[in-house]
Amino acid sequence: MSKRMFGAVAVLAAACLAIVLSGATPALAGLGQPTDGELGLQLSASPIMDEITTLFNVVNIVITVIVLFVLGLMVWVMFRFNEKSNPTPSRTTHNTFLEVAWTIVPILILVGISIPSFHLLFNQYTFPKADVTIKATGNAWFWEHEYVDDKVTVTSNMVNDEDILRAKLGDDAFDKKYGSLDGAALHNALYQDSLPVWAEDKKLRRLAVDQEIAVPVNKVVIVLITSNDVIHSWTIPSFGVKQQAVPGRTAAVWFKATKVGSYFGQCSVLCGKLHSGMPIAVRVVEQPVYDAWMAALKAKDRKKAQQILDADTASRVVIQQSVAQAQ
Ligand SMILES: [Cu+2]
């Protein structure tokens, strides 16, 4: 075997190892948000996502075993049957047992994978009775979320570098500092100057929105998804939901969020120049917090509604810190 071939085999083996490790180390992924250097799926916060994660891991193991098996066969053939070690090749053309085996075994593997796969598919499309129904409408380029029973609509616009700097500095100081800039120079200045503010505010750049939506924990939420203009796609990876938003049609997904926290998704079908500017932010809260939030929205006090969510998150951070200190 030439050195180059050996190198190729080594690279393949390393790739297989990486696949195995990615399935075995979900701790690298975040809950409700992407993480730097993430491998594998985001952590699960719903029964459907638990099932997706299990199927993903099982299929990953099956794939890895198959790849290693085929790789082993190839390496064996290269060593055992090259011209030097096997100068007089066999002239065998058929082997009934082998041919039946390599037809039946892959069929059994595929049927085996299809059983949990169909189970998941049925669960995804069997809708339990809704506790909360939200109609999500994609617009170029923001999401509107209408709480159908409460007749309340929350419009979520992405917070950009300018927004967060204006909030920090105030309009006058902002205009004074950046008024003379435009184009790439303005863009770069805003980007550089806003980075520390993002970190300080503990907000996720490109994922934070001005008005978040909230859902109660451990309740069934049905999301009806449609669009006002072009095709968008509504998703929250940690809930295991993703659905295209097609104008003139309504599709539905459901989830039951099992962990309190902040969850993020992004429009997931290329919809135009600000496709990257329409994130989705969902806050999963306890029922009393949800009720207070909804009451504030009904009273048309959007600022207070967002404050209720932020205060809830802040209080949980404080509780977690004091628990950590007590330990
Ligand atoms: Cu979109």
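**Figure 1. Helix α7 (residues 287-298) lies across β4 and β10 and runs at about 140° to β4.** The model is predicted: local features require pLDDT of at least 70 and side-chain atom pairs count only at pLDDT 80 or more, while totals for chains, interfaces and linings use all residues. Residues are numbered from 1 along each chain as its sequence is written. Helices (H or I, at least four residues) and strands (E, at least two) are DSSP runs, numbered from the N terminus. Axes are lines fitted to C-alpha atoms, for helices over the stretch in contact, and angles run from 0 to 180 degrees between N-to-C directions; two residues are in contact if their C-beta atoms, placed from the backbone, lie within 7 Å. Helix α7 has 12 residues and reaches 16 Å from its first C-alpha to its last, close to the 16 Å expected at 1.5 Å a residue, the expected span being 1.5 Å times one less than the number of residues.

**Figure 2. The two faces of α7 carry buried and exposed residues.** A residue is buried if 20 or more other C-beta atoms lie within 10 Å of its own, exposed if 12 or fewer, and partly exposed in between, with C-beta atoms placed from the backbone. The buried residues of α7 are Val289, Tyr290, Trp293 and Leu297. Seen down the axis of α7, these residues fall within an arc of 100° and so line one face of the helix; the arc is that of the directions from the helix axis to the C-beta atoms. The face turned away from this buried side carries the exposed residues Gln287 and Pro288.

**Figure 3. Strands β4, β10 and β9 form an open sheet of 3 strands, in the order β4-β10-β9 and with mixed pairing.** The edge strands are β4 and β9, each of which pairs on one side only. From one strand to the next, the twist averages 30°. Two strands are taken to pair if DSSP finds at least two bridges between them. Strand β4 (residues 213-216) pairs with β10 in the parallel sense over 4 bridges, and valine 215 has valine 284 of β10 as its bridge partner. Strand β9 (residues 261-266) pairs with β10 in the antiparallel sense over 6 bridges. Glutamine 266 has proline 279 of β10 as its bridge partner, and tyrosine 263 stands opposite valine 282 in β10.

**Figure 4. Strand β10 (residues 279-285) is largely enclosed by the rest of the structure, because 7 of its 7 residues are buried.** Pro279, Ala281, Arg283 and Val285 point one way from the strand. Ile280, Val282 and Val284 point the other way, and all are buried.

**Figure 5. Strand β5 (residues 220-227) pairs with β1 and with strand β8 (residues 251-256).** Strands β1 and β5 run parallel and are joined by 7 bridges; the bridge partner of threonine 133 in β5 is isoleucine 222. Strands β5 and β8 pair in the antiparallel sense over 6 bridges. Isoleucine 222 stands opposite tryptophan 254 in β8.

**Figure 6. The buried residues of helix α4 (residues 161-169) are Asp161, Ile164 and Leu165.** These residues cover an arc of only 100° around the axis, which puts them on the same side of α4. The buried residues of α4 pack against α5 (171-178) and α6 (183-201). Helix α4 is followed by glycine 170, whose phi is positive, near 90°.

**Figure 7. A cis peptide bond joins alanine 140 and tryptophan 141.** Most residues other than glycine have a negative phi, and most peptide bonds are trans. Omega of the bond between alanine 140 and tryptophan 141 is about 5°. Tryptophan 141 has its place in the loop between β1 (132-139) and β2 (142-147).

**Figure 8. Arginine 206 and lysine 300 have positive phi values.** Arginine 206 is not a glycine, yet its phi is about 75°. This arginine 206 is found in the loop between α6 and β4 and counts as partly exposed, with 14 C-beta neighbours inside 10 Å. Lysine 300, likewise a residue other than glycine, has a phi near 60°. With 9 other C-beta atoms within 10 Å, lysine 300 is exposed.
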